[in-house]
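Keep the sequence and the 3D view open as you read.

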Amino acid sequence: MGGEEQNKYRKPIAFLCDAGYRCSKSAVVLSLVGFLFMLQLYSLATHRGAVKGDIQLRVSRHPLVRELEQVEEENIQVPPPRKKRSPPASKWRHKRNTALVNEFLDENSQLRHVFFPDMKTAIDPVKAAGNESHYYHPGKFWLDTEGNPFQAHGGGILYDERSATYYWYGEYKDGPTYRAHKKGAARVDVIGVGCCSSKDLWKWKNQGIVLAAEQTNEAHDLHKSNVLERPKVVCNERTGKYVMWMHIDDANYTKAAVGIAFSDHPTGPFEYLRSQRPHGFDSRDMTLFKDDDGRIMVGQRREAPALFKYQGTYYMFTSGCSGWAPNEALAHAAESIMGTWETIGNPCIGGNKMFRLATFLAQSTFVIPLPGIPGSYIFMADRWNPAELRDSRYVWLPLIVGGLPDRPLEFNLGFPSWPRVSIYWHRKWRLPLT
């Protein structure tokens, strides 16, 4: 059919607008897009207003929040690079590492005392009194009620409602650090899972090893030559059992599985059941999260997840994959634990730029609600010492959900706009328990 014939039979498409005027389809579409855009702006403004109101309410009720948000800056002078570094620094040197991270990994660094303070500065909650009571000092030695540094690395916290007690489970690494072969990762023989208990998150009693390594059977998952990392425990209300999941691997990190154990008591002993790969996939640095309603990131290489839930939204922190070297943390949010997860940026505030790009020289492991302050948490992380893993330290810092997103508004119809999630750096900060 020719052009003239087409025009003869084609009728113009039009819509009737107010006051009898005729307008084009494109004009209506543009009007609809404009309306939806304005609706998004209104919803975003309402959402932000609600977040702001929530923050103001919490601040007015809890003056400590304002104190926690007053971050400290770090003016660390990194010395000029040396031509020859110690083995850990050389092994984990990465093109994206900052100068501070390279210095951190060098066991002969002039700044070693800054990253890993000696026992003279250890925090002893039993002896601390007055102004020093209930103050955390990230990176310093933290002593148990018997005056010894406790071993609970890569750990997680269980709050047991039956006993109104917190239990901290983690890797017991009190053994010599070595490498299984020349290019292998720094490691210690598996000793087991350590546990400490506390009523106030400040004084911790050593409960000993609650899941011990296997000494003789080399085919066993828990044989001392293998890998046991990041143990987490939840209570199964239906069975009354305490269930532990952990990363199980061989010395070369090729097994990539999760191990499962259980106990009738939070202090063990735990009985080991088996290991498995979830849905057949590799699993290494993992976590365990118990949802309150009974019931990712495709193409990215992330590890060390730490999850929590606030006002119906799931939040997660992850670390990049760079061995023992610290790297930049990312925060993620989702309306469903199954996703879709949206990355909302680096949550670290304070210190200095290099600190923030290295998660304060630590790696995420768990998040604990701060008692009595809704929307406020403790961010648990490990400051790994690849030269001497048993000398790795704990970094606990305040984490607060709320406030406006720290990125520009993107002009699309994506919902929702997540509130800011912030981890604040402090050389020391106190618990709101006194």
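A disulfide is a pair of cysteine sulfur atoms within 2.5 Å. By that rule, this model has zero disulfides. C235 counts as buried because its relative accessibility is 10%, and C348 counts as buried because its value is 5%.

**Ground rules and confidence**

This is a predicted model, in which local features need pLDDT of at least 70, side-chain atom pairs count only at pLDDT 80 or more, and totals for chains, interfaces and linings use all residues. Residues are numbered from 1 along each chain as its sequence is written, and side-chain values use heavy atoms, with hydrogens and water left out.

The score pLDDT is the predictor's confidence in each residue, from 0 to 100. The chain averages 81, and 76% of the residues score at least 70. Residues 1-23 stay under 50, and the model gives them twelve contacts beyond four places in sequence; a contact means heavy atoms within 4.5 Å. Residues 45-61 are also below 50, with 23 contacts beyond near neighbours in sequence. Where pLDDT is low, the predicted coordinates should not be read in detail.

**The nonpolar cores**

A nonpolar core is a set of buried Ala, Val, Leu, Ile, Met, Phe, Trp, Tyr and Cys residues joined through side-chain atoms within 4.5 Å. The largest one here has 62 residues, and those with the most contacts inside it are W168, W204, F308, I378, W396 and L399. Which strand gives the largest share of this core? That is β21 (residues 393-401), with seven residues. Strands and helices are DSSP runs numbered from the N terminus, with at least two residues (E) for a strand and at least four (H or I) for a helix.

Domain 1 (58-75 + 96-141 + 289-433) and domain 2 (150-288) both give residues to this core, so it lies between them. The domain bounds come from an automatic or database domain assignment. Leaving aside neighbours within four places in sequence, W396 is in contact with a list of residues including Y136, W168, W204, I378 and W429. There is also a second, separate core of 20 residues, and L158, V190, L228 and Y242 are among them. In soluble globular proteins, nonpolar side chains tend to be buried together.

**A five-stranded sheet**

Strand β21 turns up again in an open sheet of five strands, ordered β18-β22-β21-β20-β19 with mixed pairing. Two strands pair if DSSP finds at least two bridges between them. The edge strands, β18 (348-349) and β19 (363-369), each pair on one side only. Inside the sheet, eight bridges join β20 (residues 376-383) to β21 in an antiparallel arrangement.

P398 is buried, with a relative accessible area of 1%. Not counting residues up to four places away in sequence, P398 touches L68, Y377, S422, I423, Y424, H426 and W429. Over in β19 sits V367, which is buried at 5%. Among the residues that V367 touches are F308, F317, I378 and L399.

| Pair | Apart in sequence | Apart in space |
|---|---|---|
| H181 and A251 | 70 residues | 9.4 Å |
| P398 and H426 | 28 residues | 8.5 Å |

**An enclosed strand**

Why is β16 (residues 330-334) described as largely enclosed by the rest of the structure? Because five of its five residues are buried. L330, H332 and A334 point one way, while A331 and A333 point the other way. In a regular strand the side chains alternate between the two faces of the sheet.

Five bridges join β15 (residues 313-320) to β16, antiparallel, and F317 stands opposite A331. With β17 (residues 342-345), β16 pairs in the antiparallel sense over three bridges, and H332 has T343 as its bridge partner there.

**Two histidines in loops**

H137 is in the loop between β3 (135-136) and β4 (153-160), and H181 is in the loop between β6 (178-179) and β7 (186-187). Are they buried or exposed? H137 counts as buried at 12% relative accessibility, while H181 counts as partly exposed at 39%. Not counting residues up to four places away in sequence, H137 touches I123, E132, R427 and K428.

How values were computed. Buried < 20%, exposed > 50% of the residue type's maximum accessible area, 1.4 Å probe, protein only.
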